Amino acid sequence: MARFPMIKNHELLSQKVYRIIKRDIIQGKLSSDTRLYEEKIAEQMNISRTPVREALRSLSAEGFVKLIPNIGIVVNHISPKDLLDILNIRQELETYAICLAAQKINEKDIDNLNVIIQQMERAVFTNNTLLFNNLNLEYHRDIILISNNNKLIEICDNLHQQSERWIKAIVVKERLMHSLQEHVEIYNSLKKKDVDGAKKAMSIHISNIIKNIFKTDLKERTEQ
C-alpha cells in the first residue's frame with residue numbers, strides 16, 4: 001500500500017486528505033482496485049479517522065473510490081466503456097463551453113492560449129508526450145474557465161480528472177502533431193470569436209481523441 005504524508009496543519013483536514021488521495025489516484029500512484037484502509041491512512045497522516053472518512057465519502061461521490069460489501073473502500077476502476085461515456089459527455093459539454101468562451105474571450109485570454117500553443121509545439125518537437133498531455137489539459141481547462149459558467153467548470157473539471165487517469169497511460173506520439181493542429185484550429189476560431197467555427201473545431205478534436213484512444217486500446221488487446 002502507498003504511504004501517505006503526515007499532515008501537520010490541522011485546518012480543513014478532510015479537504016487536505018481528499019486532495020492528497022485524489023492526486024495519487026489521478027497520477028496512478030494508487031491503481032484501480034487498491035484497497036484503502038481508513039485506520040492506516042489516518043495513522044500515516046497523523047490524524048484521526050474522521051477527516052479520512054469524510055474525504056473518502058467525497059471521493060466516492062465523485063466516482064474515484066467505491067465501497068464493496070465485505071471488502072471495503074477500493075479505488076474505482078475505469079473501464080473502456082466508462083471512459084467512452086466520459087469522453088462523449090465531455091464532447092457535448094466542451095462544445096457548449098467553447099460557444100460561451102468564443103463570445104466572452106478577451107485579448108489576455110487569447111494571449112494565454114497562444115502561450116500554451118507555443119509550449120505544445122515545443123513538446124511535439126521533443127516528443128514529450130507527458131508535457132503535451134499536461135498542456136492539453138491546461139488548454140481545455142482555460143477555455144472552460146473563459147466560459148465563466150461555474151457549474152459547467154465544476155462538472156468538466158471532474159470529468160477531466162476521471163479521464164486523465166486513463167489518457168495519461170496511453171502512448172500517443174504518432175498523434176501529437178495532429179492534436180497540435182487541432183488545438184491551433186480551436187485557437188484561430190476563438191481569436192476570431194467565430195462561435196460556429198470554434199464549436200466545430202472542438203467537436204472534431206474530441207471525436208479524434210475518442211477514435212485514437214479506442215484504436216490504440218483495440219490494437220493493444222489484439223497484441224496481447
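Reader: In what order do the strands of the open sheet come, and what is the pairing?

Author: In this predicted model, the open sheet is made of 3 strands arranged in the order β1-β3-β2, and their pairing is antiparallel. The edge strands are β1 (35-36) and β2 (65-68), each of which pairs on one side only.

Reader: Switching to packing, which residues have the most contacts inside the largest nonpolar core?

Author: That core has 32 residues, and the ones with the most contacts inside it are Leu 113, Met 120, Tyr 139, Ile 143, Ile 186 and Leu 190. At least two of its residues come from each of α4 (80-104), α5 (107-125), α6 (129-146), α8 and α9 (195-223). There is also a second, separate core of 21 residues, with Leu 56, Phe 64, Val 65 and Val 75 among them.

Reader: What does Leu 113 touch, leaving out residues up to four places away in sequence?

Author: With those left out, Leu 113 touches Ile 105, Tyr 139, Asp 142, Ile 143, Ile 146, Tyr 187 and Leu 190.

Reader: Now the serine: why does Ser 179 count as buried?

Author: Ser 179 counts as buried because its relative accessibility is 6%, and the cut-off for buried is under 20%. Ser 179 lies in helix α8, residues 176-191, and, not counting residues up to four places away in sequence, it touches Phe 132 and His 205.

How values were computed: Residues numbered from 1 in each chain as written. Predicted model: local features only at pLDDT ≥ 70, side-chain atom pairs only at ≥ 80, totals over all residues. Heavy atoms only, no water. Helix = DSSP H or I, 4+ residues; strand = E, 2+ residues; numbered from the N terminus. Buried < 20%, exposed > 50% of the residue type's maximum accessible area, 1.4 Å probe, protein only. Contact = heavy atoms within 4.5 Å. Pairing = 2+ DSSP bridges. Core = buried A, V, L, I, M, F, W, Y, C linked by side-chain atoms within 4.5 Å.
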